[in-house]
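Trainee: Could you walk me through this structure, feature by feature? I would like the general idea each time and then the case at hand.

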Amino acid sequence: EDSCSTFHCKAIASTMTSEAASVDQTADTAAATWDRPGSASKIKRNKVVVRVPATTANLGPGFDSLGMAVDIWNEFTVERSDKFSLTTEGEGAGKIPEEIGPDGNSKHLVIQGLRRAFEYAGESPMPPVKVTTRNMVPICSGLGSSSSAIVGGLIAGLVLAGKEMRVKHRSDTGNITQAIDPEELLNIANDIEGHPDNVAPAIYGGIQLSMVFHDDLDRHVPVSVMSRRIPHPTGVRLVAYVPSEEARTGVGLDKTEEMRNLLQPKIDRQDAVVNIQRTALLVDALHRGDLSALRWATRDRLHQPIRGEKAYPHLNPMVEAALDAGAHGAFLSGAGPTVLAICSGASGDIFTQRSTERQEGTVADAMQKALETLPPEHAKLWGGQGHFYVISPAERGAHVVAAEPKFSNTLATFGSLSGSL
């Protein structure tokens with residue numbers, strides 16, 4: 001079977017969307033009671049289930065600053081236990097190390113997130129937990145699987161410990177440095193990950209613009225990073241080509257570091273200006289809903305050219321093919337190797353809407369043909385067993401889908417299609 005056919009794209013899209021659809025109705029009013037003294041969220045819990053979206057970082061020129069949540073999800077189930085255990089299902093099973101010591105020491109990012117959450121909550125040492133990860137986000141793909149694990153571990157640990165975190169600033173002191181939103185969860189996640197472009201949309205959903213503060217520029221700022229949501233036009237669809245697991249893990253599981261090592265330690269002023277201009281255009285185009293500008297706004301000089309030249313021979317041919325087929329923009333997702341194209345035309349349910357009203361089928365076919373034209377030595381590795389995902393931006397970020405004891409009480413019921421939460 002041709003794994004990159006348009007039919008297969010739609011089948012995958014249906015599977016991925018359905019995984020999150022069952023919980024999309026969880027009451028948005030839950031946030032109203034989070035900061036209420038004595039609310040149920042301050043109760044320590046025995047079990048929690050958290051879902052976190054995949055993310056695509058950079059969007060071309062916005063290196064380490066722009067990211068978008070997309071509708072593929074990882075699910076993390078964490079429950080208190082008499083000993084530590086870790087199980088991986090789905091993507092990465094058999095590849096992601098599951099070693100965990102009797103004291104909870106582990107390199108696994110979910111465990112690291114859990115440990116930081118419990119430390120923040122004052123529950124130290126971390127209590128024994130049983131962790132099950134159900135992964136649908138491809139590992140080592142440039143779709144934020146590591147950020148998903150970090151954010152999932154942090155939120156699960158906070159819920160189990162009954163600890164709330166500050167997001168918004170509420171003081172009227174008049175001190176401008178104290179008026180910055182604390183965004184405590186984002187700052188801790190950024191501290192673990194090292195850059196905010198994936199963790200911000202994983203937490204908040206949508207497209208996020210993040211900025212890191214620096215002491216030489218920003219004196220007396222009490223946080224390390226801030227984020228802002230950027231609007232995007234309705235009807236956007238995304239075509240993402242994810243190469244085979246063999247290709248994705250060929251340089252090891254720490255692919256991001258390998259890809260960063262390809263980049264030049266210093267860049268020419270002219271190249272810096274190019275990226276500044278393109279990033280500014282990208283943010284403006286998204287605000288205006290000007291999809292026509294994205295074909296230029298998703299270009300850059302900082303990371304895509306050298307990664308295409310040194311590591312990803314499929315990148316440039318697929319980007320050009322997508323643009324020629326009508327995609328509004330196309331770029332390397334994060335550190336790669338996923339190539340993502342921005343399309344449009346979706347309205348309502350995509351499986352009942354006439355497919356010719358949308359672009360993703362034509363764009364995916366063109367990208368597939370570009371793979372087939374690669375030299376044989378590249379086509380075998382980068383084109384062989386890869387998959388196309390046809391997905392949408394995810395407006396919602398990480399969220400709890402189940403907990404024991406439940407959050408619902410006599411004051412409010414937080415409902416979902418699976419029952420009360």
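Trainee: Is Pro196 buried or exposed?

Mentor: Start with the cut-offs: buried means under 20% relative accessible area, exposed means over 50%, and partly exposed is in between, using a 1.4 Å probe and protein chains only. Pro196 has a relative accessible area of 1%, so Pro196 is buried. A word on sources: this is a predicted model, where local features need pLDDT of at least 70 and side-chain atom pairs count only at pLDDT 80 or more, while totals for chains, interfaces and linings use all residues. Residues are numbered from 1 along each chain as its sequence is written, and side-chain values use heavy atoms, with hydrogens and water left out.

Trainee: Where does Pro196 sit, and which residues is Pro196 in contact with?

Mentor: Helices (H or I, at least four residues) and strands (E, at least two) are DSSP runs, numbered from the N terminus. Pro196 belongs to the loop between helix H4 (184-193) and helix H5 (199-204). Contact means heavy atoms within 4.5 Å. Setting aside neighbours within four places in sequence, Pro196 touches Asp64, Asn190, Pro201, Ser210, Val212 and Val225.

Trainee: Where is Pro128, and is Pro128 buried, partly exposed or exposed?

Mentor: Pro128 is in the loop between helix H2 (109-121) and strand E4 (129-135). With a relative accessible area of 28%, Pro128 is partly exposed. Beyond its neighbours within four places in sequence, Pro128 is in contact with Glu79, Arg80, Ser81, Asp82, Lys83 and Phe84. Its C-alpha atom is 8.2 Å from that of Ser85, which is 43 residues away along the chain.

Trainee: How many helices and strands does the protein chain have, and what percentage of its residues count as buried?

Mentor: The protein chain has 13 helices and 13 strands, and 54% of its 421 residues count as buried. Among contacts between residues at least 6 apart in sequence, 74% join residues at least 24 apart. For the surface, accessible areas come from the Shrake-Rupley method with a 1.4 Å probe, and for residues only the protein chains shown count as cover. The accessible surface of the chain is about 19100 Å², and 51% of that belongs to carbon and sulfur atoms.

Trainee: How many aromatic pairs does a search of the whole structure find?

Mentor: A pair of aromatic rings is described by the distance of the centres and the angle of the planes. Rings of Phe, Tyr and Trp (its six-membered ring) pair if their centres lie within 6.5 Å; planes under 30 degrees apart count as stacked, over 60 as edge-to-face and the rest as tilted. The search finds 2 aromatic pairs. In one of these, the ring centres of Tyr241 and Phe388 are 4.9 Å apart and the planes are at 50 degrees, so the pair is tilted. This pair links distant parts of the chain, 147 residues apart: Tyr241 is in strand E7 (residues 237-242) and Phe388 in strand E10 (residues 387-391). Tyr241 is buried at 0%, and Phe388 is buried at 0%.

Trainee: What are the distance and angle for Tyr312 and Trp382?

Mentor: Their ring centres are 5.6 Å apart with planes at 80 degrees, so the pair is edge-to-face. Tyr312 lies in the loop between helix H10 (304-310) and helix H11 (315-324), and Trp382 is in helix H13 (residues 376-382), 70 residues apart. Tyr312 is buried at 3% relative accessibility, and Trp382 is buried at 8%.

Trainee: Which residue lies over the face of Phe407?

Mentor: A charge sits over a ring if NZ of Lys or CZ of Arg is within 6 Å of the ring centre and within 35 degrees of the ring normal. Arg45 lies over the face of Phe407, at 3.8 Å from the ring centre.

Trainee: Which side chains make polar contacts with the side chain of His328?

Mentor: A polar contact is a pair of N or O atoms within 3.5 Å; within protein, one must be able to donate a hydrogen and the other to accept it, and residues adjacent in sequence count only if both atoms are side-chain atoms. The His328 side chain makes such a contact with the side chain of Ser344 (2.7 Å) and with that of Gln359 (3.3 Å). His328 is in the loop between H11 and strand E8 (329-332), and is buried at 16% relative accessibility.
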